[in-house]
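Here is a briefing on one protein model. Look at the structure first, then read the points below.

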Amino acid sequence: MICKDDLRYTDDVIATLQSDNPSWYIARALNIHVDDVGYHFEEVRGLKHHGAIMVIEIEELSDYPTDLAWYSSRSVMQIGIELSKPWREVKEHCIEYGIVTKGRGRPRVRADFPTSPEWYAMRTSHQAADELQVSWKVMRRHINENGYKVRVVHKHKWPRDVRWYEERTATEIMTALNIPQNTVYGYLHKHGINSKYDEYRITWPTDPAWYASRTMHEIADDLNVNYTSARTYTWRHKLAYRKVRLDA
């Protein structure tokens, strides 16, 4: 991955940065971090070029298509059927990379529900919902109304020692337990446990003069944050910063 200060602004790079592609696409095409896309975009804003938008090779996105128009003409459910993937995995993929899919329309509330209790006993409610292509709420209502028993997956084995959590960040807990981030935050909030602060959490200066003496890029560099975070914080708190005006 190319560091923020090492990217060369060739014609193709400028064309890619100024394109309408989402940030994740530009980051992959230029081999840079997605948080640096905003910084580089500001650097090349308004620059003329004669380059072409760089294209991502299909191998870079595993077995998912790279044509954004392909996604826009299909719903998440249709994509899952065509790629033989669970719709939840497809949804997470689209959210992660900012891909827009076709609206699913009115959700299905009816299906050819099996009548065999053994069929439900071999599946969790989520697995049954995926196979019948109905929402989880519809599946749970059907199971409860008909008294079926579904397979229950045991919950995660959370450590009982509170100090174990206090010595780790939420990211480290997620990695150690192999648990999704939202699940970790929910568990910590439910039990009133305070984890160790992540390193990216910083203390913003409170003196307005500190911001007024620096440009937006200098603020981001001094605080070791990306350009977008620095810009969002200053705008939210209505802080003035030094602006550099280029002579025409």
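Helices (H or I, at least four residues) and strands (E, at least two) are DSSP runs, numbered from the N terminus. Axes are lines fitted to C-alpha atoms, for helices over the stretch in contact, and angles run from 0 to 180 degrees between N-to-C directions. The model is predicted: local features need pLDDT of at least 70, side-chain atom pairs count only at pLDDT 80 or more, and totals for chains, interfaces and linings use all residues. Residues are numbered from 1 along each chain as its sequence is written, and side-chain values use heavy atoms, leaving out hydrogens and water.

**Overall picture**

- The protein has 15 helices and zero strands.
- Of its 248 residues, 32% are buried. Buried means under 20% relative accessible area, exposed means over 50%, and partly exposed lies in between (1.4 Å probe, protein chains only).
- Take the contacts (heavy atoms within 4.5 Å) between residues at least 6 apart in sequence: 57% of them join residues at least 24 apart.

**Helices α5 and α6**

- Helix α5 covers residues 76-83, and helix α6 covers residues 87-96. Their axes lie 8 Å apart, and the packing angle is about 115°.
- This angle makes α5 roughly perpendicular to α6. The cut-offs are under 35 degrees for roughly parallel, over 145 for roughly antiparallel, 65 to 115 for roughly perpendicular, and oblique for the rest.
- The crossing of α5 past α6 is right-handed. A crossing is right-handed if the near helix is turned clockwise from the far one by less than a right angle, and left-handed if anticlockwise.
- On the α5 side, V76, M77, I79 and G80 make the contact. On the α6 side, W87, V90 and K91 do.
- By class, these contact residues are five nonpolar, one polar and one charged. Ala, Val, Leu, Ile, Met, Phe, Trp, Tyr, Cys and Pro count as nonpolar, Asp, Glu, Lys and Arg as charged, and the others, Gly among them, as polar.

**Helices α14 and α15**

- The axes of α14 and α15 come within 9 Å and cross at roughly 110°. That makes α14 roughly perpendicular to α15.
- This crossing is right-handed.
- From α14, the contact uses M216, H217, I219 and A220. From α15, it uses Y227, A230, R231 and T234.
- The classes here are five nonpolar, two polar and one charged.

**Aromatic pairs**

- How many aromatic pairs does the structure hold? There are nine.
- Rings of Phe, Tyr and Trp (its six-membered ring) pair if their centres lie within 6.5 Å; planes under 30 degrees apart are stacked, over 60 edge-to-face, and the rest tilted.
- W164 and Y165 pair edge-to-face, 5.1 Å centre to centre with 85° between the planes. Both residues are buried.
- Y211 and Y233 have ring centres 6.3 Å apart and planes at 25°, so they are stacked.
- This pair links distant parts of the chain, 22 residues apart: Y211 sits in helix α13 (residues 208-212) and Y233 in helix α15 (residues 227-236). Y211 and Y233 are buried.
- Ring pairs also join W158, W164, Y165 and Y187 into a cluster.

**Two loop residues**

- T215 lies in the loop between α13 and α14 (216-223). Is T215 buried or exposed? T215 is buried, at 12% relative accessible area.
- Leaving aside residues up to four places away in sequence, T215 touches R242 and V244.
- V55 lies in the loop between α3 (37-43) and α4 (68-72). V55 is exposed, at 64% relative accessibility.
- The C-alpha atoms of V55 and A29 are 6.4 Å apart, though the two residues are 26 apart along the chain.
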